[in-house]
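Colleague: Before I use any of these labels, I would like to know what stands behind them. Can we go through them one by one?

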Amino acid sequence: MIIILLKIFKKIMIGIFSISILTVFVGAVFINVSPQFGASASGKSIDKIKNSPNFLNGTFKNLQPTQQSTGFKWKTIPQFFTDGNNKVPATKLPLEKITKSFFNNKPQQPRITWFGHSALFVEMENLNIFIDPMLGETPAPHPMLGSKRFSKELPISIDSLPKIDVVLISHDHYDHLDYGSIVKMKNNVERFYVPLGIKAHLVTWGIEAQKITEFDWWESINFKGVEFTSTPARHFSGRGITNRNSTLWCSWVLKSETSSIFFSGDSGYGTHFKEIGEKFGPFDFAMMECGQYNEQWAQIHMTPEETIQATIDVQGKLMMPIHWGAFKLALHSWDDPILRATKKAQELNVKISTPIIGESIVLKNGNYPVSKWWVNN
């Protein structure tokens, strides 16, 4: 009897080992042949990375000590695979559809249109600027590896977008840099401005190297009357298993003679917000990360209350919460970010705008979207 049991146990162990080896092999093949993972920096990009004061001991670092994991709990892993506790909307979210002709009627002041999460179309000084244009269905290298977009539609299809002068990228995580979106729009874009190391991803996706400019923190470029400056954020990067923090992450400052806009990118709360405000503020408009937070990664994403304080730090006259309303990437309810942010903004007298997806904000006209559209969803 014991011999029979040992034989059965041996077969089970061989089966488990075989499955493990096969899983590792399939995973390795997927990573190596799938273009979604991008590529590693080379040539002049490597030289610039190595000379960066923010690159130490082979990886990029934040300005202040930062832990990517602050009290990880294994018991929460199963919760990521469920939609309970209101982690996704119960009903269809409102969405404002727009057509290509919408962009032909340019307002005199900057106009910002939200595409959900951190994707924003900025019209400024006759430039069309798309920030973190993640328009795909799933923020992952494969549809089976992530949660689907809350909204089944986009305000406008990629094919119907007008000519884009500049695409700004904050970092290379899948919910900000989407392979499918970039490939579809690449021939319609004049310039790509990205943090250090991300050029390699874009080149391997078929974008001409001369169209791409890489930035370290505090570096600027003036393009047709708008000054673009890459500023610090408190986050991390990486698209694969072995390349964490091999590329830089950033926030962005957009300034012209008449307007100033700040985009936070992904960031934990930190001293960099006040430094950016002192150097470039006040800002007419601040698009501030507000969502996908948890105590287990408290230093790389902000709580809504920290988002409002960061807006004060950068001297934002009007703010809009971003990084929410599109994907389930954390354990909080889908509307927790906006509920807490609007409450704290009222307490601290911070002016806040809350457009629905596809709705635009025109700066300095005094009439900003403020509806509580998330109620009953």
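Modeller: Start with the term pocket: on a 1 Å grid over the protein atoms alone, a pocket is an open set of points with protein on both sides within 12 Å along at least five of seven lines, and a lining residue has an atom within 4 Å of a point. A volume is the space filled by probe spheres set on the points, which are joined across faces, edges and corners. By that count the largest pocket holds about 1,600 Å³. Its lining comprises 37 residues, and Phe 80, Pro 139, Leu 145, Arg 244 and Leu 329 are the closest to the centre. This is a predicted model, where local features need pLDDT of at least 70, side-chain atom pairs count only at pLDDT 80 or more, and totals for chains, interfaces and linings use all residues. Residues are numbered from 1 along each chain as its sequence is written, and side-chain values use heavy atoms, with hydrogens and water left out.

Colleague: Why is Ala 345 called buried?

Modeller: Buried means under 20% relative accessible area, with a 1.4 Å probe and protein chains only. Ala 345 has 1% relative accessibility, so it counts as buried. It lies in helix α7, residues 336–347 (a helix is a DSSP run of H or I of at least four residues, a strand a run of E of at least two, numbered from the N terminus).

Colleague: What does Ala 345 touch, leaving aside residues up to four places away in sequence?

Modeller: Ile 308, Val 350 and Ile 352, where contact means heavy atoms within 4.5 Å.

Colleague: What makes the pair of Phe 55 and Phe 60 edge-to-face?

Modeller: Rings of Phe, Tyr and Trp (its six-membered ring) pair if their centres lie within 6.5 Å, and planes over 60 degrees apart count as edge-to-face. For Phe 55 and Phe 60 the centres are 4.9 Å apart and the planes at 65°, so the pair is edge-to-face. Tyr 193 and Phe 215 also form an edge-to-face pair, at 5.3 Å centre to centre and 65° between the planes.

Colleague: Why does the pair of Tyr 193 and Phe 215 tie parts together?

Modeller: Tyr 193 is in strand β7 (residues 189–195) and Phe 215 in strand β8 (residues 212–215), so the pair joins parts 22 residues apart in sequence. Tyr 193, at 1% relative accessibility, counts as buried, and so does Phe 215 at 2%.

Colleague: How do you know that the charged end of Lys 279 sits over the ring of Trp 218?

Modeller: The test asks for NZ of Lys or CZ of Arg within 6 Å of the ring centre and within 35 degrees of the ring normal. The charged end of Lys 279 sits over the ring of Trp 218, 3.7 Å from its centre. Arg 239 has its charged end over the ring of Tyr 174, 4.0 Å from the centre.

How values were computed
Buried means under 20% relative accessible area, exposed over 50%, partly exposed in between (1.4 Å probe, protein chains only). On a 1 Å grid over the protein atoms alone, a cavity is a set of points where a 1.4 Å probe fits but cannot get out, and a pocket is an open set with protein on both sides within 12 Å along at least five of seven lines; lining residues have an atom within 4 Å of a point. Rings of Phe, Tyr and Trp (its six-membered ring) pair if their centres lie within 6.5 Å; planes under 30 degrees apart count as stacked, over 60 as edge-to-face and the rest as tilted.
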